[in-house]
Every structure is written in C-alpha cells, then in structure tokens.
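Please examine the sequence and the three-dimensional structure shown below.

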Amino acid sequence: MTLRRSFSTIAITLMLTAAGCAADPGVGPTLSGDENPLAVTFVAQVNQTTSMEALYHGVVSRDANGCLRAEGSSRTVIWPEGWKLEARGESLFVKDATGSEVGRIGGQFRLGGGEIPSVEFASLSASDAQLLQTRCPGSYWLAGSRADR
C-alpha cells in the first residue's frame, strides 16, 4: 500500500505493518518503547528560498528515534519542498516533486544542499521545526536537489 500526503508542509509519521502502512496521528514527537520501531519522521520545507551547493553522497538511514539521518553524522535530512516519502512493502522511498524516485531509505543518495546548525535556517512551519528539535536534535542537512542528474 502506498501512503502519500500532499500538504504545503509535510510531516509524516509512518507506521509499517505486515498488511501495509498507515499513518498514526497520535504518535507525538517522542518515541516510547511501545511504538513501532519503523516509525519515521519526514519533514520538507515550504516556500524554500535557500540554495546550497555542497554534495552529500552516502546512505540515508533511520535512527532509533525515527529520524532520517545522513549516515556517518548526526545530520537529519530536511527535504526540499514537494518531496514525499512512499512506502512499498517494507521499504521506504523518497520521491522528488516530479514523482521520480530519489532513493530508498537505507540505501545510497546523492543530494545537493548543505549543513545547517539548527532548524531556524530552514523554511519550516513552526510545528515541523518543533518536531525536528524535539525528536531529531543535532545538526541538519538541508537538501536542495538531487545530484544524480
């Protein structure tokens, strides 16, 4: 089953089950030991005005708190406006604003962008900024484009 939500800002918490996936709006910004270990936080910018030109080439994986992090660092990825997370079977895939697949969570990504020290440097809603600060503290990778094209 595919789960897609189109909002001007996207903060999706996915809960994967054997039958497919379902959004659970009751999951808050912190995980307890009773929650599904596959819960994921996916946040995209709104009204994106920042453009960075560094390159991240590596694995994006889910940490114990459900944050999607650039592997080998503590940077949580903040995705470009319009990008979405899609579940297929037991895998999660990131799609760009055109619907093209960018990568699989746990697999290789090539992302343009740059590191930012806090969410204040990203174009996020107040609720998404709070979600990231609470659930995914640390620094962030502000993804600006896919670098494989």
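W141 counts as buried, at 4% relative accessibility; buried means under 20% relative accessible area with a 1.4 Å probe, protein chains only. Y56 is likewise buried, with a relative accessible area of 8%.

The model is predicted: local features need pLDDT of at least 70 and side-chain atom pairs count only at pLDDT 80 or more, while totals for chains, interfaces and linings use all residues. Residues are numbered from 1 along each chain as its sequence is written, and side-chain values use heavy atoms, without hydrogens and water.

The structure holds four aromatic pairs, that is, rings of Phe, Tyr and Trp (its six-membered ring) with centres within 6.5 Å; planes under 30 degrees apart count as stacked, over 60 as edge-to-face and the rest as tilted. Y56 and W141 form a tilted pair, 6.1 Å centre to centre with 55° between the planes. This pair links distant parts of the chain, 85 residues apart.

| Residue | Strand (DSSP E run of at least two residues, numbered from the N terminus) | Relative accessible area |

One aromatic cluster is formed by F42, W79, W83 and F109. V94 touches F42, W79, W83 and F109, among others, not counting residues up to four places away in sequence; contact means heavy atoms within 4.5 Å.

The largest nonpolar core has 20 residues, and V94, W79 and F109 are among those with the most contacts inside it. Such a core is a set of buried Ala, Val, Leu, Ile, Met, Phe, Trp, Tyr and Cys residues joined through side-chain atoms within 4.5 Å.

Notes
Buried means under 20% relative accessible area, exposed over 50%, partly exposed in between (1.4 Å probe, protein chains only). Helices (H or I, at least four residues) and strands (E, at least two) are DSSP runs, numbered from the N terminus.
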